[in-house]
Amino acid sequence: MSEFIVHGVPGSPFARSVLATLEEKGAPYRVAPVVPGTLKTPEYLAKHPFGRVPVLDHGDFSLYETQAILRYLDRILPEPKLTPSDPRRAARMDQVMNINDWYLFQGVGSVIIFHRVVGPRLMGLQPNEEAIKEAMPKAITVFAELARLLGDQRYLAGDDVSLADLLVAPGVEFFASIPEWSVLGAPHANLVAWLGRIQARSSMKATTWERVAELARAA
Ligand SMILES: N[C@@H](CCC(=O)N[C@@H](CS)C(=O)NCC(=O)O)C(=O)O
């Protein structure tokens, strides 16, 4: 099988989902670091016309959009299966993956995590408290909904880990590191337990910001 090359930036939750999925599959991969500030250059836009990470290269096949990448990996690397066979559980997985992209990331993670973590850490910016405050009502809804859908299951689409957990966990982990967690995640004991469960998996331990930065440096 051709080599998997993941173009990403250390710290990107979407890139981490791809790496964690490859780890779950036990598939070797290489991280090709995208230099911050080059996402909108003609060279990179030829790879990803919207100038984002990640991009997966697999032989002569190049793919962007994290959900598409995760599903591709689950199809070509069937073991262990990361999509439930039960149609309703699979539908929940799909639903949670869309909640991730449309509601957890857009206007919530892209604002709160940007201003609390990414901006200060990578660009030396001060957090924009007003922007964070404005994003909080939507964030509260997102976390309540993730907790409701999780219920008493071990993972978001049932008792086995699925693509939904691997897509959502990197973003949620960022939230667990900021003060807003006390209102967003901490009130939901099941979500806190789920986060601990997924963080204990070797796929998540192998793909922390620091670990991916090491892989990127070694590339
Ligand atoms: N829908 C895209 C979203 C990817 C995305 O937004 N990635 C962020 C990093 S986590 C990015 O590339 N941001 C750079 C930018 O917005 O300029 C996917 O699922 O892959």
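Mentor: Two strands count as paired if DSSP finds at least two bridges between them. The model under discussion is a predicted one.

Trainee: What makes E3 and E4 a pair?

Mentor: Four bridges join E3 to strand E4, residues 61–64. The requirement is at least two bridges, so E3 and E4 qualify as paired. They run antiparallel, and histidine 58 has phenylalanine 61 of E4 as its bridge partner. In the hairpin of these strands two residues lie between them, and glycine 59 takes a positive phi near 60 degrees.

Trainee: How do you know that E1 and E3 pair, and in which sense?

Mentor: The test is again at least two bridges, and E1 and E3 have four; therefore they pair. Their sense is antiparallel.

Trainee: Which residues does valine 168 touch?

Mentor: Leaving aside residues up to four places away in sequence, valine 168 touches Val96, Asn100, Leu104, Leu146 and Leu156. Each is called a contact because its C-beta atom lies within 7 Å of that of valine 168.

Trainee: What domains does the assignment of the protein chain give, and what separates their centres?

Mentor: The assignment gives domain 1 (4–81 + 204–218) and domain 2 (87–201). Taken over C-alpha atoms, 20 Å separate their centres. The contact between them takes 14 residues from each of domain 1 and domain 2. On the side of domain 1 that touches domain 2, the elements giving two or more residues are H1 and H3, and H1 gives the most, with six. The residues of that side divide into five nonpolar, five polar and four charged.

Trainee: How does the shell around the ligand divide by class?

Mentor: The shell has four nonpolar, three polar and three charged residues. Among the residues around the ligand are Pro13, Phe14, Gly51, Arg52, Glu65 and Asp101.

Technical notes. Residues are numbered from 1 along each chain as its sequence is written. This is a predicted model: local features need pLDDT of at least 70, side-chain atom pairs count only at pLDDT 80 or more; totals for chains, interfaces and linings use all residues. Two residues are in contact if their C-beta atoms, placed from the backbone, lie within 7 Å. A residue is near a molecule or strand if its C-beta atom, placed from the backbone, lies within 6 Å of it. Ala, Val, Leu, Ile, Met, Phe, Trp, Tyr, Cys and Pro count as nonpolar, Asp, Glu, Lys and Arg as charged, and the others, Gly among them, as polar. Domain bounds come from an automatic or database domain assignment.
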